[in-house]
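Have the viewer open as you read.

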Amino acid sequence: MRRKLAAGNWKMNGLAADSAVVRALEVSHAAASVDILICPPATLIASLAATSEIVAIGGQDCHAAEKGAHTGDISAAMLADAGARYVILGHSERREDHGERDEDVAAKARAAMAAGLAPLICCGESLSQREGGETLDVIGAQLAGSIPDDVDGSLVVAYEPIWAIGTGKIPTLEQIGDVHDFIRKTLVDRFGPPGDAMRLLYGGSVKPGNAAEIFAVSNVDGALVGGASLTAEDFSPIIAALEAA
Ligand code: PEP
């Protein structure tokens with residue numbers, strides 16, 4: 001049985017005052033039956049990790065190298081040292097803004113696991129790939145290239161159609177189910193039982209109003225939430241919907 005996961009990606013949002021959001025979640029979900037994760041900007045990881053018991057804290061990226069001359073970057077060991085337990089890798093914004101390729105994501109995932117972090121690897125098609133009928137080919141290639149061979153069941157995969165991120169649009173529930181079933185089969189074919197243990201998150205415009213129907217789709221083990229994770233008012237009902245699913 002996979003334990004469900006509600007994950008929030010704050011992206012480049014969040015000042016010290018926004019720690020109140022995590023404190024509010026800690027109170028409202030003190031007896032949570034699902035895992036809750038917030039990935040704040042790196043500046044908030046240490047303080048949030050030190051003060052959170054229910055909400056796990058994660059990074060949004062890490063460098064593939066253990067340490068060295070990489071100005072402005074952060075290593076997986078630094079994230080773990082600050083108290084992070086997960087790290088998002090291969091988000092479409094990193095792939096677009098920083099030219100990250102699948103092999104870069106795989107190298108970062110290896111570094112994350114070596115530091116004891118659970119990698120949360122993102123995949124997803126563009127609108128033109130969706131309209132061109134290429135979705136499963138694109139996802140299959142991203143999974144093959146971005147997930148290293150030596151992983152265990154703690155790895156998390158997020159399916160995030162690029163055209164659904166921050167747009168208010170989501171795929172049909174059937175489309176989400178088709179992709180999640182495909183990802184599950186791909187992971188089980190490649191990894192066996194660990195592939196069945198990996199949690200599959202849907203991401204892209206998840207809101208309090210659509211969370212319950214998305215969580216009812218097969219092989220959806222939770223969500224990766226951007227905008228709606230920035231306030232407890234929005235994220236808390238999404239967590240509650242996951243608990244009820
Ligand atoms: C994301 O970027 O990971 C994301 C899912 O964003 P949003 O929920 O705002 O669409």
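The points below go through one serine and then some charged pairs.

1. Before anything else, keep in mind that this is a predicted model.

2. Start with Ser75, in the loop that runs between strand S3 (55-59) and helix H3 (76-82). Is Ser75 buried or exposed? Its relative accessibility is 5%, and the cut-off for buried is under 20%, so Ser75 counts as buried.

3. Now look at what surrounds Ser75. Leaving aside residues up to four places away in sequence, Ser75 touches Cys62, His63, Ala65 and Glu66. The side chain of Ser75 also reaches the backbone nitrogen of Met78, at 3.1 Å.

4. On to the charges: opposite charges on side chains can pair when the charged atoms come close. There are 16 salt bridges in the structure. One of them joins the side chains of Asp35 and Arg3, at 2.6 Å from N to O. Asp35 sits in strand S2 (residues 35-39) and Arg3 in the segment before strand S1 (5-9), so this pair ties together parts 32 residues apart in sequence. Asp35 is partly exposed at 22% relative accessible area, and Arg3 is partly exposed at 41%.

5. Arg94 and Glu100 make another salt bridge through their side chains, at 3.0 Å from N to O. Glu100 counts as buried, with 8% relative accessibility.

6. Finally, check Lys185 and Asp189, whose closest N and O atoms are 2.7 Å apart in a salt bridge. They are 4 residues apart in helix H8 (residues 173-191), so about one helical turn separates them. Lys185 is exposed at 53%, and Asp189 counts as exposed at 55%.

Note on methods: Residues are numbered from 1 along each chain as its sequence is written. This is a predicted model: local features need pLDDT of at least 70, side-chain atom pairs count only at pLDDT 80 or more; totals for chains, interfaces and linings use all residues. Side-chain values use heavy atoms; hydrogens and water are left out. Helices (H or I, at least four residues) and strands (E, at least two) are DSSP runs, numbered from the N terminus. Buried means under 20% relative accessible area, exposed over 50%, partly exposed in between (1.4 Å probe, protein chains only). A polar contact is a pair of N or O atoms within 3.5 Å; within protein, one must be able to donate a hydrogen and the other to accept it, and residues adjacent in sequence count only if both atoms are side-chain atoms. Contact means heavy atoms within 4.5 Å. A salt bridge is a side-chain nitrogen of Lys or Arg within 4 Å of a carboxyl oxygen of Asp or Glu.
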